[in-house]
Amino acid sequence: MRAMKPSISVYWPIPSLPSIPQVRFQSSEIAERGFCRECGGNLFYRRRNPADGRVSIMAGTLDAPTGLYLTGHIFFDSKSDYYEVADGTPRHARDYDSPEV
């Protein structure tokens, strides 16, 4: 069974996406994923035709200080049972457009 592991991502405007040697993989009809050409690390997820012009970048690929802060959780209904979330941010069943759970 294929599963998504816990990760933190940030929305980043596409025009300012850092130049990183990457390989892109079309993971579905609507999205692609980017991986580092050198180490294979997961870099980003992007809808093929993003209406908002943004891409979801794995926060761990950014140098500190990032200035990032948590705004919510997505796909919360499918999180595993080995951790609890108690940070008080919104929890969405699927993406940010789905209802809070």
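Visitor: Which strands form a hairpin with five residues between them?
Guide: β3 and β4 do. Keep in mind that this is a predicted model.

Visitor: What is the phi of G40 in that turn?
Guide: G40 has a positive phi of about 85°.

Visitor: How do β3 and β4 pair, and over how many bridges?
Guide: They pair in the antiparallel sense. Five bridges link β3, residues 31–36, to β4.

Visitor: Which residue in β4 stands opposite E32?
Guide: That is R46.

Visitor: How many bridges join β4 to β5?
Guide: Two bridges. These strands run antiparallel.

Visitor: And what is the bridge partner of Y45 there?
Guide: S56, which belongs to β5.

Visitor: Let's zoom out. How many helices and strands does the protein have?
Guide: Zero helices and five strands. Read from the N terminus, the elements go β-β-β-β-β.

Visitor: Where do side chains point in a strand?
Guide: In a regular strand they alternate between the two faces of the sheet.

Visitor: How much of the protein counts as buried?
Guide: The figure is 23% of the 101 residues.

Visitor: What about contacts between residues 24 or more positions apart?
Guide: Take the contacts with a separation of 6 or more. Residues 24 or more positions apart account for 27% of those.

Visitor: Which residues make up the largest nonpolar core?
Guide: There are five: C36, L43, F44, V55 and I57.

Visitor: Which elements give two or more residues to this core?
Guide: β4, residues 42–47, and β5.

Visitor: What does C36 touch?
Guide: Leave out residues up to four places away in sequence. Then C36 touches P21, G41 and L43. L43 is also a member of the core.

Visitor: New topic. Where is the cis peptide bond?
Guide: It joins A64 and P65. Its omega is about -5°.

Visitor: Where is the place of P65 in the chain?
Guide: P65 lies in the segment after β5, and β5 covers 54–58.

Visitor: What else is in that segment?

Visitor: What is the phi of F75?
Guide: Near 55°. That is a positive value in a residue other than glycine.

Visitor: Now S98: buried or exposed?
Guide: S98 counts as buried, because its relative accessibility is 14%. The cut-off for buried is under 20%.

Visitor: Which backbone nitrogens does the side chain of S98 reach?
Guide: One is the backbone nitrogen of R94, at 2.8 Å. Another is that of A93, at 3.5 Å.

Visitor: Which residues is S98 in contact with, leaving aside neighbours within four places in sequence?
Guide: H92 and A93. So A93 turns up in both lists, because its backbone nitrogen is reached by the S98 side chain and a contact means heavy atoms within 4.5 Å.

Visitor: Last topic, rings. How many aromatic pairs does the structure hold?
Guide: One.

Visitor: And what sits over the ring of Y83?
Guide: The charged end of K79. The distance to the ring centre is 4.7 Å.

Key
Residues are numbered from 1 along each chain as its sequence is written. This is a predicted model: local features need pLDDT of at least 70, side-chain atom pairs count only at pLDDT 80 or more; totals for chains, interfaces and linings use all residues. Side-chain values use heavy atoms; hydrogens and water are left out. Helices (H or I, at least four residues) and strands (E, at least two) are DSSP runs, numbered from the N terminus. Buried means under 20% relative accessible area, exposed over 50%, partly exposed in between (1.4 Å probe, protein chains only). A polar contact is a pair of N or O atoms within 3.5 Å; within protein, one must be able to donate a hydrogen and the other to accept it, and residues adjacent in sequence count only if both atoms are side-chain atoms. A nonpolar core is a set of buried Ala, Val, Leu, Ile, Met, Phe, Trp, Tyr and Cys residues joined through side-chain atoms within 4.5 Å. Rings of Phe, Tyr and Trp (its six-membered ring) pair if their centres lie within 6.5 Å; planes under 30 degrees apart count as stacked, over 60 as edge-to-face and the rest as tilted. A charge sits over a ring if NZ of Lys or CZ of Arg is within 6 Å of the ring centre and within 35 degrees of the ring normal. Two strands pair if DSSP finds at least two bridges between them.
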